[in-house]
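Here is a short briefing on one protein chain. It covers salt bridges first, then fold and surface.

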Amino acid sequence: MEQIIATVRGFVGALVVVPEQGGDFPELVWGDAFFYYAPDGGVPANVQPYGTIVTKNYPDDAVSDLDSPGRWRLNIHVDRAAFRELTGEEPRSLTRPRDYAAADRVMPHPVYGALGWVSVVNPGERTTETAVQLLRSAHDAARARCARRHATRGSQEND
């Protein structure tokens with residue numbers, strides 16, 4: 001997990017938020033990690049992270065068995081082509097049964113797969129390189145979205 005976090009922190013313009021006890025974030029997210037493109041260092045308003053690490057089961061998301069010791073899950077938003085290549089299915093047409101608790105396998109996110117998210121429980125030898133490539137692509141896509149938003153705002157301000 002620390003290797004993934006360190007890698008993302010090395011991306012230009014990346015912001016990695018890891019809420020801790022006593023901070024401004026709810027207890028539910030303490031110990032998790034959220035990845036943003038934020039060259040100014042602040043959490044962007046009205047923007048979802050492009051990747052997350054969760055370290056525990058959530059009330060609506062327990063099929064990955066993350067409450068067991070040493071388990072965590074990397075989640076990454078990917079484009080439709082990557083999703084199809086990785087899962088063999090379209091995001092909004094998921095029908096195959098999956099073992100969402102299986103480690104070191106890229107698969108649709110158990111809750112947000114239909115929205116183009118993939119996940120890996122405990123990335124290891126088979127998936128770490130792919131996961132880093134997916135995070136890089138997600139970061140680049142977030143950077144491009146940010147640039148488009150700023151270009152649109154700039155043109156509106158000049159009108």
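Glutamate 90 and arginine 80 meet through their side chains in a salt bridge, 3.0 Å from N to O. A salt bridge here is a side-chain nitrogen of Lys or Arg within 4 Å of a carboxyl oxygen of Asp or Glu. The model is predicted: local features need pLDDT of at least 70, side-chain atom pairs count only at pLDDT 80 or more, and totals for chains, interfaces and linings use all residues. Residues are numbered from 1 along each chain as its sequence is written, and side-chain values use heavy atoms, with hydrogens and water left out.

**The Glu90 network**
- Glutamate 90 lies in the loop between α2 (80-87) and β5 (107-108), and arginine 80 lies in helix α2, 10 residues apart.
- Arginine 84 also forms a salt bridge with glutamate 90, with the closest N and O atoms 2.7 Å apart.
- Shared partners join Arg80, Arg84 and Glu90 into one salt-bridge network.
- Glutamate 90 has a relative accessible area of 27%, so it is partly exposed.
- Arginine 80 is partly exposed at 48%, and arginine 84 is partly exposed at 38%.
- The cut-offs are under 20% relative accessible area for buried, over 50% for exposed, and in between for partly exposed (1.4 Å probe, protein chains only).

**The Arg73–Asp61 pair**
- Arginine 73 forms a salt bridge with aspartate 61, and their closest N and O atoms are 2.5 Å apart.
- Arginine 73 sits in strand β4 (residues 73-77), while aspartate 61 sits in the loop between β3 (51-54) and β4, 12 residues away.
- Arginine 73 has 1% relative accessibility, so it counts as buried.
- Aspartate 61 is buried too, at 9%.
- The whole structure holds 8 salt bridges.

**Fold**
- The protein chain has 3 helices and 6 strands. Helices (H or I, at least four residues) and strands (E, at least two) are DSSP runs, numbered from the N terminus.
- The order from the N terminus is α-β-β-β-β-α-β-β-α.
- The radius of gyration is 16 Å, close to the 15 Å that the globule rule gives for 159 residues, so the chain is as compact as a globular protein of that length. The radius is taken over C-alpha atoms, and the rule is 2.2 Å times the number of residues to the power 0.38.
- The C-alpha trace spans about 55 × 40 × 30 Å along its principal axes.

**Burial**
- Buried residues make up 42% of the 159 residues.
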